Amino acid sequence: MNVRRLIIAAVTVLLLGTLFTAGYQSLAVAQNKSDIASNKENVSELPPEMVGKRASELLLRIIDTIASGKRYEREIKSASAEDRLVLQLQIYNLQIRIMDDIHQLADALLEVEKAGPQPKLRGKVEDGFTRAIPRLWFHIDQVRDEIDKIRARRIEAPAEERSAIENEVANYTRRLDAFYEISLAHIAKMKQVGMDVKEALENFIRLLYDRVDELSGRLELALDRIDELEMRGKETPDDANIAKLLIAAKKSLDTNSAGMDVVLGVMETLELDTRLYRTQLLTATRDISSGLLDFGVAVNLLGQALKKVTGWLVDIGPGYLVKLLLFVGILFVFRFATRTVRIWLEKALDASNLNLSQLARRMIVTTVSNLVMLFGILVALSQLGISLGPLLAGLGVAGFIVGFALQDTLGNFAAGMMILLYRPYDMGDLIDVGGVFGKVDKMSLVSTSLLTLDNQLFVVPNSKIWGDVIKNVTAQDTRRIDMVFGISYSDDIPKAESILEDILQSHDKVLDTPESIVRLHTLGASSVDFVVRPWVKVDDYWDVYWDVTRTVKLRFDEEGVSIPFPQRDVHVYNQNLLAGEAE
């Protein structure tokens with residue numbers, strides 16, 4: 001493999017040497033075929049005092065370069081293979097040096113002409129430029145032909161050699177791109193000198209469009225080849241040849257993309273319209289960010305996207321539109337069915353003899369309604385072409401995993417079922433559970449929501465409720481109010497009892513049955529205490545509590561019954577007196 005690559009490299013350099021030898025000769029000859037005579041006539045020394053030191057030095061260097069090139073050409077005929085390789089590389093470097101020297105000579109001409117006309121020097125410069133232009137076109141055609149020959153070898157080459165061939169193509173393509181950039185600089189320098197570049201520019205523009213059209217087709221071909229190989233790779237992932245061919249195809253795409261970028265850069269320097277080609281290049285390389293800076297390119301990209309969307313809508317859109325309308329219609333029907341089921345189920349539960357709590361009723365209605373809507377969603381998804389079998393299987397597996405991970409939640413679920421079954425509380429009940437005292441707002445199978453008396457919301461897990469003491473304050477229809485009122489030791493006890501009983505009997509919300517209780521309860525440190533225990537409806541508890549407390553204070557004041565303050569007797573002893581008594 002190394003010997004083969006060495007042979008290929010040698011042949012490549014020899015071919016390049018031949019091309020650049022022809023270019024080198026074309027810069028030194030006149031229109032006739034006599035190289036030596038033409039060189040003596042067109043490239044000759046001019047004294048420094050006539051054209052300036054810099055121009056004279058450049059002319060001498062060009063003459064020496066031509067002479068060196070002719071010497072290398074003569075030596076090639078009898079040189080060995082390795083020496084021929086070296087000589088061809090030297091001739092190539094000489095060709096590039098001559099082009100650079102001609103451009104520097106043009107700059108020297110412009111500098112010395114500031115002092116006055118230089119017809120002899122101008123003639124040599126313009127003649128050099130004129131003769132270099134057709135040779136540049138010749139080099140471009142020759143390198144493109146060589147690239148085509150290499151690509152022809154690629155067709156029958158085995159997969160393991162494709163990548164090396166693509167590397168050859170990339171090397172030649174870089175040299176070809178350099179010729180386009182040199183040509184642009186050459187024409188720009190001719191225009192700077194004051195030469196007529198109309199014909200040269202027209203020919204160059206034709207070459208550019210020819211090149212960019214070729215690259216456009218090759219980009220499409222490379223993308224198609226990559227798509228095909230990627231598809232084959234998915235079908236047979238273990239095929240090593242497909243992987244090698246895919247690497248080579250991507251190298252080809254990179255080579256053609258880089259070449260098109262160079263040519264488009266040259267065209268944009270000449271202010272040619274490159275929007276369509278630039279759009280294709282950005283699409284192929286996926287480098288959209290840089291292209292968005294160009295308004296025209298951005299518009300083209302948007303146009304292409306809209307065209308694809310429009311094509312999709314025309315080809316596939318109607319079918320999907322029908323499916324989407326059917327999907328929405330099924331959801332609407334099942335939503336209506338869900339509401340109907342909810343209403344029917346609530347009426348059925350009302351008419352039944354089942355002694356269900358409000359929590360249980362709400363749970364049954366909500367669960368059945370959700371199941372109906374879930375069934376509707378599954379039916380609607382099936383109309384979109386979604387297979388329900390894998391979906392249900394996936395939900396089953398996910399449910400098992402989630403259930404295993406959420407064991408505490410399952411405990412809450414079980415506790416919720418027990419609460420619904422035994423009904424220790426219902427909606428609106430005032431309960432004390434899990435350290436929270438409040439009214440039951442709503443309940444699910446995993447938690448119960450409580451609203452405290454100051455309107456704070458607490459969500460208590462059902463497992464904490466069922467595993468602890470449940471205090472239901474409003475479970476019964478009636479409730480007893482326990483109050484304590486104290487009077488002074490000097491007040492009339494029967495009178496106080498009479499006042500308290502009269503207050504309870506005159507209140508319209510105090511129940512007759514069970515009978516209210518007014519009893520002398522304790523003899524306190526500073527008061528005689530009565531217990532007052534009326535029975536009321538649960539909803540009237542606080543109204544009666546506050547009304548009776550207020551009325552007792554007012555009636556005691558009217559009847560002269562005092563409510564004593566806490567009292568404490570303090571005895572002060574004289575220490576001296578105590579000491580005398582002790583003696």
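A: Happy to. Let's begin with a term: two strands count as paired if DSSP finds at least two bridges between them. Keep in mind that this model is predicted.

Q: Which residue in β9 is the bridge partner of leucine 520?

A: As a general idea, the strands of a sheet pair through backbone hydrogen bonds, either parallel or antiparallel. Here, leucine 520 has phenylalanine 530 of β9 as its bridge partner. The strands β8 and β9 (residues 528-533) are joined by six bridges in the antiparallel sense.

Q: In what order do the strands of that sheet lie?

A: The order is β7-β9-β8, an open sheet of three strands with antiparallel pairing. At its edges are β7 (483-487) and β8 (517-523), each pairing on one side only. From one strand to the next, the twist averages 30°.

Q: Which helix lies across β7, β8 and β9?

A: That is α18 (residues 493-506), and it runs at about 20° to β9.

Q: How many strands does the open sheet with β1 in it have?

A: Five, in the order β4-β3-β2-β1-β5, and the pairing is antiparallel. Its edge strands are β4 (457-461) and β5 (471-472), each of which pairs on one side only. Serine 449 stands opposite valine 459 in β4.

Q: Now the helices. What span is expected for α7, and what does the model show?

A: Helix α7 (residues 159-193) has 35 residues, and at 1.5 Å a residue 51 Å is expected; from first C-alpha to last the helix reaches 52 Å, close to that value. Just after α7 comes glycine 194, with a positive phi of about 105°.

Q: Why is threonine 173 called buried?

A: Buried means under 20% relative accessible area. Threonine 173 has a relative accessible area of 4%, so it is buried. This threonine 173 is found in helix α7. Leaving aside residues up to four places away in sequence, threonine 173 touches Ile147, Arg211, Thr255 and Gly259.

Notes:
Residues are numbered from 1 along each chain as its sequence is written. This is a predicted model: local features need pLDDT of at least 70, side-chain atom pairs count only at pLDDT 80 or more; totals for chains, interfaces and linings use all residues. Side-chain values use heavy atoms; hydrogens and water are left out. Helices (H or I, at least four residues) and strands (E, at least two) are DSSP runs, numbered from the N terminus. Axes are lines fitted to C-alpha atoms, for helices over the stretch in contact, and angles run from 0 to 180 degrees between N-to-C directions. Contact means heavy atoms within 4.5 Å. The expected span of a helix is 1.5 Å times one less than its number of residues. Buried means under 20% relative accessible area, exposed over 50%, partly exposed in between (1.4 Å probe, protein chains only).
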